[in-house]
Amino acid sequence: IFNCRIAAEGGVCIEENYVSGVELIGVSDISAELELLSLLFEAVKKTNLNANQKPKLLIGHTKLMDLILGGFEGKVKENVRKSLINFDRLEIEKIDIEKRRKDRLIELMNCRGCPEQVIEKLENIFGSQEIIKSLKRIFNKLSDLANIQDITVQLDPTFQPHFELYTGIVFQLVCKGNSAPEVVARGGRYDELVSKFGASKGQSFGVGFSLSIDKIRELQADSYLTKTQEKTTLVAYGPRSTLEDALIRQQELHDKSSRAILELQECSNSKQAERLMEEKGCSELIWLD
């Protein structure tokens, strides 16, 4: 696929990205979501993403957003939706509605995390709803899979794409990258899109997801480098030594192409130096005293 974005210098940047995905067409009930998400977990297992990358599956649903937006109309409804999607409390405060409704919107915007806890809160607010019952069934299935693979599952009633592509469940799988979180998979239900592309009335249902091959390769490479990274030595000195002595010792290690970092402040004893070694993620300590 090709993505278009505005580069830092202001020009248009077009990027080509490799993706791989699946679609299930023609199934209208929740069994489609259950199969799709099970397949997603199986695919993630094959990528060898690990717990250090903190994979998190973010799940939302357009019908949950419909519940939240119930009672709002026109421009106000659009402003509320936009503010919730952007997680923008300041914009919600500016909307001309009653304070109690603003407080409820802020409460729902902050209502994200453990699916069981979020669902309980939604039931307290909206009562028994079919969408909530369906989500309970989905999360019951995902719970065991997530525990096996060390994947955190988060339900966020206000999580929605900016483009109104989906008409049901929507999700993203996010992993910790070197500098920022990376979305490695995304998908959901898009019945209206299938209908627009000419599907017959009884077949106009679709769910699917795509995996970002480029992002997964980058994460795998980062993980490999972390595992194979050579040892790092901390050089620390005590009251009976000096910084100059430590600098000489660090240089000797560098001359041997060994990684070494220097603690610039004098340590009172070796125990303090050992604590610093652990805090800095070093594997060895050279203690001068």
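Strands β6 and β7 form a hairpin, with 4 residues between them. Helices and strands here are DSSP runs (H or I, at least four residues, for helices; E, at least two, for strands), numbered from the N terminus. This is a predicted model: local features need pLDDT of at least 70, side-chain atom pairs count only at pLDDT 80 or more, and totals for chains, interfaces and linings use all residues. Residues are numbered from 1 along each chain as its sequence is written, and side-chain values use heavy atoms, leaving out hydrogens and water.

**The strands around β6**

- Buried means under 20% relative accessible area, exposed over 50%, and partly exposed in between (1.4 Å probe, protein chains only).
- β7 (residues 181-189) pairs with β6 in the antiparallel sense, over 7 bridges. Two strands pair if DSSP finds at least two bridges between them.
- Within this pairing, valine 170 has glycine 188 of β7 as its bridge partner.
- β4 (residues 56-61) also runs antiparallel to β6, joined to it by 6 bridges.
- Here leucine 58 is bridged to glutamine 172 in β6.
- In a regular strand, side chains alternate between the two faces of the sheet.

**Serine 204**

- Serine 204 sits in the loop between α8 (191-196) and β8 (206-212).
- Its relative accessible area is 14%, so serine 204 is buried.
- Beyond its neighbours within four places in sequence, serine 204 is in contact with Asp191, Val194, Ser195 and Ala199. Contact means heavy atoms within 4.5 Å.

**The whole chain**

- The protein chain has 11 helices and 11 strands.
- Its radius of gyration is 26 Å, well over the 19 Å that the globule rule gives for 289 residues, so the chain is more spread out than a compact globule. The radius is taken over C-alpha atoms, and the rule is 2.2 Å times the number of residues to the power 0.38.
- Along the principal axes, the C-alpha atoms fill a box of roughly 80 × 45 × 45 Å.
- Of the 289 residues in the protein chain, 40% are buried.
- Among contacts with a separation of 6 or more, 65% link residues 24 or more positions apart.

**Surface**

- The protein chain exposes about 17,300 Å², with 49% of that supplied by carbon and sulfur atoms. Accessible areas come from the Shrake-Rupley method with a 1.4 Å probe; for residues, only the protein chains shown count as cover.
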